[in-house]
Amino acid sequence: MATEATLKAQPRQEQGKSATRKMRAAGRVPAVVYGHGDETRMVSVDAHELAMLFKRVHYENTIIQISIEGERAPVKTLVREVQSHPHRGELLHVDFQQVHAGEMIHVDIPIRLHGTAAGTRVGGVLMQVVTDLPARVLPDNIPEAIDIDISGLGINDSIHLRDIKLPEGVEPEID
């Protein structure tokens with residue numbers, strides 16, 4: 001299953017360009033925690049702590065426990081959007097979606113290929129058309145990735161979704 005991570009946040013009242021510039025200059029990143037049926041909360045997180053977390057985990061399918069200052073219990077969230085500066089790469093804003101136990105959520109699960117395709121040894125080229133699998137899953141059952149062994153693939157062979165044994169509780173969302 002996917003790893004869980006923790007992050008500390010402080011509530012914020014200020015909005016607007018001036019307030020967010022001051023916040024970023026102080027080493028904080030503005031963020032929002034939202035979820036249907038829950039109040040949207042504006043928070044800020046430490047920029048360095050967030051950058052280190054994003055280097056350590058695949059944040060698009062990792063449950064992040066956010067401890068908001070002044071609230072009793074941490075909030076389970078998924079990162080839904082990350083805005084960064086186009087040239088400097090610094091984080092500008094993050095959207096966190098609150099998740100609830102027992103409620104199916106949408107995630108994109110990375111697909112990892114293992115082995116060497118037999119067809120590549122005789123002049124074939126391996127093409128990975130799909131790199132993530134859109135799926136619905138319970139928050140506690142999010143897999144880190146879907147591993148696929150490609151060592152049996154010859155020239156003109158392919159692997160289809162029906163050929164993959166998905167982890168329990170994963171429902172693919174294919175159009």
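How many bridges join strand 7 (residues 105–114) to strand 9, and do they run parallel or antiparallel? Four bridges join them, and the two strands run parallel. The points below set this pairing beside other features of the model.

1. Basis of the note. The model is predicted: local features need pLDDT of at least 70, side-chain atom pairs count only at pLDDT 80 or more, and totals for chains, interfaces and linings use all residues. Residues are numbered from 1 along each chain as its sequence is written, and side-chain values use heavy atoms, with hydrogens and water left out. Helices (H or I, at least four residues) and strands (E, at least two) are DSSP runs numbered from the N terminus.

2. Ile-111 stands opposite Ile-146 of strand 9.

3. Helix 1. In helix 1 (residues 17–25), the buried residues are Ala-19, Thr-20 and Met-23; buried means under 20% relative accessible area, exposed over 50%, and partly exposed in between (1.4 Å probe, protein chains only). Viewed down the helix axis, these residues fall within an arc of 95°, so they line one face of helix 1; the arc is that of the directions from the helix axis to the C-beta atoms. They pack against strand 2 (28–35) and strand 3 (38–46), with contact meaning heavy atoms within 4.5 Å. The face turned away from the buried side carries the exposed residues Lys-17, Arg-21, Lys-22 and Ala-25. Just after the helix, Gly-27 takes a positive phi of about 85°.

4. Nonpolar cores. A nonpolar core is a set of buried Ala, Val, Leu, Ile, Met, Phe, Trp, Tyr and Cys residues joined through side-chain atoms within 4.5 Å. The largest has 20 residues, and Leu-7, Leu-50, Phe-54, Ile-64, Ile-66, Val-94 and Phe-96 have the most contacts inside it. Among the elements giving two or more residues to this core are helix 2, strand 1 (4–11) and strand 6 (91–98). Leu-78, Val-99, Leu-153 and Leu-166 are included in a second, separate core of 19 residues.

5. Glu-60. This residue is found in the loop between helix 2 (47–56) and strand 4 (63–68). Glu-60 is partly exposed, with a relative accessible area of 40%. Its C-alpha atom is separated by 15 Å from that of Val-33, 27 residues apart along the chain.

Notes: Two strands pair if DSSP finds at least two bridges between them.
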